[in-house]
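Please look over the sequence and the structure below.

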Amino acid sequence: MPWSFTLSLDETTYPLGVVQRTVYALADRLTCLVAQQPGRVSLEVMPLLLAGEGAPSAETARALLYRNLNDFALRERIRLETQGLCEWLARTALKEAGL
Amino acid sequence: MTVLLATDATYRLLPFRFMRLDESDRGLLLTAETGEYLFLSEAQLDQLVNRRLPRHTPLYKDLLARHFIYEIDGHDPLPEMAAQYRSRKSFLFGGPALHLFVVTLRCNHTCQYCQVSRAPLGGSGHDLSAEHARHAVDRLFESPSPVLTVEFQGGEPLLAFDRVRQIVEAVQARNSEERRSIRFVISSTLHHLDEQVLDFAQEHDIHFSTSLDGPAFLHDANRPTPERDAHARTLDGIRRVRERLGHEAVSALTTLAARSLEYPEAIIDEYVEQQFDSISLRPLSPYGFAHSSRQRLDYPMARYVAFYKQALAYLITLNGQGIRLSEGYASLLLTHILTPFASGYVDLRSPAGAGIGALVYNYDGGVYPSDEARMLLEMGEAGLRLGSVEQPLETLLRSPVMGLLLSAGIAEGLPGCADCAFVPYCGADPIEHYARQSDPVGHRAFSAFCQKNMALLQHLFRLLRDGDDLTQRVLLSWLARRRLADLPVPGYRG
Ligand code: SF4
């Protein structure tokens with residue numbers, strides 16, 4: 001295995017759902033093992049072997065992970081602040097379709 | 001209804017998604033639940049979510065007008081947004097509108113990418129029976145949709161023309177009371193067109209959809225016949241249909257085999273020469289292959305995307321020179337991006353179009369939610385059958401298969417798609433994911449469907465943001481289905 005590293009993340013900044021969505025989005029490039037500890041989420045990161053030559057370096061992987069973690073944390077914040085509105089819209093708009 | 005976090009600012013956020021297109025100062029794409037979009041910088045997004053956007057700036061007004069924010073003491077945007085949302089999902093209100101009748105599997109071609117959904121010319125047991133056809137017409141009218149498309153598929157449907165005739169006559173007889181708007185289309189190579197077929201098509205206003213894969217050397221390689229004259233015979237068929245039924249009575253689709261990807265210009269030139277005003281550059285789907293051929297015929301989606309971008313650039317240049325030729329998939333995506341209307345295209349819907357929007361009556365009397373689902377049957381996968389043509393539509397639509405498709409067919413709730421800024425314009429395709437990943441939900445990071453739509457939508461959004469006036473006007477003309485010269489506006493920049 002060419003490289004691996006572990007990130008230990010503060011759960012209040014990066015809740016489990018945010019970490020899971022990040023890992024999902026990068027699954028074609030990185031293999032990540034997610035574990036929960038009290039107040040923290042740890043992430044063991046390796047390149048995806050299937051990605052071969054296209055696999056990122058450790059440095060790129062770290063940058064990718066943090067950018068995605070921050071983006072998903074922001075999405076989560078937007079979701080919380082607008083909670084219920086999407087469902088309300090869909091319910092109101094689609095009432096007539098019996099959905 | 002909703003608990004919103006209180007802040008000192010005078011505005012609140014409405015639901016939106018964002019995506020990084022690039023590192024430029026308008027490199028972030030924001031899309032609202034209703035499909036409106038804006039390009040922002042990272043600093044602007046930060047200001048937006050931290051309630052530090054100054055009022056009275058153009059950006060603030062844009063965000064307000066496009067339903068990314070609302071003012072606490074201002075106008076309530078929700079009824080308007082619900083109306084927009086309803087319009088984008090209007091395909092849900094009518095029931096299945098596209099009804100595909102597979103009248104025979106027999107075909108005179110031996111296309112390599114269609115090994116599993118055809119039978120030899122003289123093969124028996126591959127034709128739809130008269131009784132099954134009668135039942136299928138009953139199912140068609142059980143759909144409440146006021147607008148219906150009846151499409152005849154094969155194999156080669158003209159080899160079972162008596163069945164086509166029976167169905168058209170039965171539908172029209174019934175429709176004298178029902179009064180729906182019904183369109184008939186025959187998907188055909190046009191090799192078996194004769195005067196009798198043309199007379200009937202003229203009498204009943206039937207349109208034809210054919211396959212034209214490019215110039216003769218490509219078309220004939222893709223579609224071998226014993227006489228090696230597939231291209232010439234299809235062109236002859238196109239000419240005869242146009243002479244008898246008018247220029248618009250025939251459209252053409254392109255199937256792109258691996259070799260085709262080397263010839264974007266030659267394929268487009270062929271469509272110009274044959275005077276089509278639309279070309280549809282579709283990648284091969286994974287359904288028709290025999291497993292042994294997959295290696296040879298399939299290609300990575302990245303190769304298709306490179307081909308598509310080259311083709312689109314060439315089409316834009318040609319349109320700039322006064323040639324009217326639009327690309328079908330780009331036109332659909334642009335409709336989703338730039339209008340509040342649904343295109344009606346079954347593969348780009350959420351909830352997925354299979355079953356809800358389309359039904360396939362197979363030659364053996366089975367009913368399927370899509371053409372792809374019935375092709376999987378020929379590959380040995382019978383699990384996506386809704387039931388028999390003898391069962392009422394209500395029973396078919398309550399089949400466990402529909403439950404499975406719906407549970408995996410709402411893009412807004414799928415992993416990956418739920419956070420994707422393209423979800424208002426994209427769709428869910430559980431059958432494609434089932435075919436490629438053996439799972440109707442599938443994993444977006446490994447999904448060819450996602451790779452294609454992600455790449456093409458990103459490309460179109462970049463063209464809308466950065467394209468010169470010609471590019472913008474050409475894209476708008478495709479959307480409006482008008483000639484470039486008839487467009488008064490200098491261009492649309494979101
Ligand atoms: S399929 Fe891909 S491009 Fe389409 S909405 Fe889902 S994640 Fe986005």
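Is Tyr37(B) buried or exposed? Tyr37(B) is buried, because its relative accessible area is 2% and the cut-off for buried is under 20%. The model is a predicted one.

## Aromatic pairs

Over all chains, the whole structure holds 16 aromatic pairs. One of them joins Phe16(B) and Phe68(B). Their planes meet at 70° and their ring centres are 5.9 Å apart, so this pair is edge-to-face. Phe16(B) belongs to strand S2 (residues 16–20) of chain B. Phe68(B) sits in the loop between helix H2 (58–65) and strand S5 (69–71) of chain B. The pair therefore ties together parts that lie 52 residues apart in sequence. Phe16(B) is buried at 7% relative accessibility. Phe68(B) is buried too, at 0%.

Tyr37(B) and Phe39(B) also pair edge-to-face, with 5.6 Å from centre to centre and 70° between the planes. Phe39(B) is buried, at 5% relative accessibility. Tyr37(B) and Phe39(B) belong to one aromatic cluster with Phe422(B), Tyr425(B) and Phe461(B).

## Charges over rings

Arg75(A) lies over the face of Phe18(B), 4.4 Å from the ring centre. Within chain B, the charged end of Arg242(B) sits over the ring of Phe276(B), at 4.6 Å from its centre.

How values were computed: Residues are numbered from 1 along each chain as its sequence is written. Chains are lettered from A and ligands numbered from 1 in the order in which they are written. This is a predicted model: local features need pLDDT of at least 70, side-chain atom pairs count only at pLDDT 80 or more; totals for chains, interfaces and linings use all residues. Side-chain values use heavy atoms; hydrogens and water are left out. Rings of Phe, Tyr and Trp (its six-membered ring) pair if their centres lie within 6.5 Å; planes under 30 degrees apart count as stacked, over 60 as edge-to-face and the rest as tilted. Helices (H or I, at least four residues) and strands (E, at least two) are DSSP runs, numbered from the N terminus. Buried means under 20% relative accessible area, exposed over 50%, partly exposed in between (1.4 Å probe, protein chains only). A charge sits over a ring if NZ of Lys or CZ of Arg is within 6 Å of the ring centre and within 35 degrees of the ring normal.
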